[in-house]
Amino acid sequence: MIKPNVAYAPHIINSPSTRRIMLDVLIALVPALIVAIYEFGFRALALVVVCAVACVFFEWLFCVITKRENTTGDLSAVVTGVLLAYNLPANFPFWMAIIGSFVAIFIAKNIFGGIGKNFVNPALTGRIVLFVSFATEMTSWPVPRGLGGKLDGVTAATALGQFNEGGVTDAVSHLNLFLGNCGGSLGEVSALALLIGGVYLVCRKVISPTTPIAFIATVFVLALIAGSDPLFHILSGGVMLGSIFMATDYATTPNDWRGKIIFGIGCGIITMGIRLFGSYPEGVSFSIILMNILTPFIDKWCNKKFCGGGLK
């Protein structure tokens with residue numbers, strides 16, 4: 001008699017490879033890259049390439065030093081590099097970007113065991129370290145072509161920077177923010193491009209829309225309560241980039257749908273708290289990192305209990 005193989009749900013029928021998932025993420029990031037190249041010139045593309053190559057190199061180097069299987073082929077290091085670049089000004093010095101890539105891959109990712117074992121988002125960790133270390137360079141934003149920029153090194157305040165200083169110019173319209181005719185990190189300026197990428201990832205079932213919707217809805221509601229323009233806060237800064245591409249990271253965000261909602265709401269609350277009451281105009285990176293730290297506790301609270309197996 002053959003004993004049946006009994007296992008607890010979920011019963012996975014088809015599991016996409018890490019490489020396939022990362023390739024989908026890279027494809028989803030292409031529209032934002034096209035807008036960045038148009039607005040800031042090929043310097044934006046060069047920065048993305050530098051960060052991606054540096055991250056792959058540091059991934060390979062770590063594997064060599066630790067005598068671990070080479071994991072550069074899964075494309076996770078490439079995704080980390082691209083996301084790190086998307087969180088930097090287009091005119092950011094290459095050598096500083098390489099330092100950020102080292103922090104993201106060596107420290108935030110591989111020191112903790114590699115892909116799936118890191119407890120904070122590597123790209124955002126690299127960005128925060130760069131912001132703390134090189135504040136001037138991290139807050140020098142080139143004027144985009146859509147606002148008359150000639151890609152000649154001239155810088156201006158971002159929309160959130162203007163908001164933080166007490167007034168937003170007429171050039172910062174909802175349409176400009178939606179299309180990408182505004183200053184900011186090279187991958188966050190066009191809400192439209194990021195939405196296209198997000199829809200692609202949802203259709204491919206790479207991400208769930210739960211966390212992005214909870215994040216964006218919380219920002220909307222809190223801005224409304226504070227008497228500020230909700231659409232401005234959603235379309236400006238890193239809300240779209242962070243909610244779609246970094247608050248949905250498998251390793252550092254909750255697994256259960258209830259946990260995803262809590263995570264998104266938490267990110268929205270912290271983001272708006274920093275924007276409305278902090279001295280720094282943007283809070284998306286800090287909100288996601290702080291919620292990453294709380295993810296194990298959220299998962300514990302939201303864990304399902306299975307009948308008959310003692311699994312909790």
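A residue counts as buried when its relative accessible area is under 20%. In this predicted model, that term applies to S185 and to the residues of helix α12. The briefing below also describes the largest pocket, which has a volume of about 450 Å³.

**The largest pocket**
- Rolling a probe the size of a water molecule over the atoms shows where empty space is left.
- The lining of the largest pocket is formed by 25 residues.
- Nearest to the centre of this pocket lie M22, V79, I115, D249 and Y250.
- Four helices, α1 (18-40), α3 (76-86), α5 (122-133) and α12 (239-246), each contribute at least two residues to the lining.
- Sorted by class, the lining comprises 16 nonpolar, seven polar and two charged residues.

**Helix α12**
- Besides supplying residues to the pocket lining, α12 is mostly covered, with eight of its eight residues buried.
- The buried residues of α12 are V239, M240, L241, G242, S243, I244, F245 and M246.

- S185 belongs to the loop that lies between α8 (174-179) and α9 (191-203).
- Because its relative accessibility is 0%, S185 counts as buried, the limit for that term being under 20%.
- A polar atom of the S185 side chain lies 3.3 Å from the backbone oxygen of N87.
- Apart from neighbours within four places in sequence, S185 is in contact with Y86, N87, L88, P89 and W141.

Methods:
Residues are numbered from 1 along each chain as its sequence is written. This is a predicted model: local features need pLDDT of at least 70, side-chain atom pairs count only at pLDDT 80 or more; totals for chains, interfaces and linings use all residues. Side-chain values use heavy atoms; hydrogens and water are left out. On a 1 Å grid over the protein atoms alone, a cavity is a set of points where a 1.4 Å probe fits but cannot get out, and a pocket is an open set with protein on both sides within 12 Å along at least five of seven lines; lining residues have an atom within 4 Å of a point. Grid points are joined across faces, edges and corners, and a volume is the space filled by probe spheres set on the points. Ala, Val, Leu, Ile, Met, Phe, Trp, Tyr, Cys and Pro count as nonpolar, Asp, Glu, Lys and Arg as charged, and the others, Gly among them, as polar. Buried means under 20% relative accessible area, exposed over 50%, partly exposed in between (1.4 Å probe, protein chains only). A polar contact is a pair of N or O atoms within 3.5 Å; within protein, one must be able to donate a hydrogen and the other to accept it, and residues adjacent in sequence count only if both atoms are side-chain atoms. Contact means heavy atoms within 4.5 Å.
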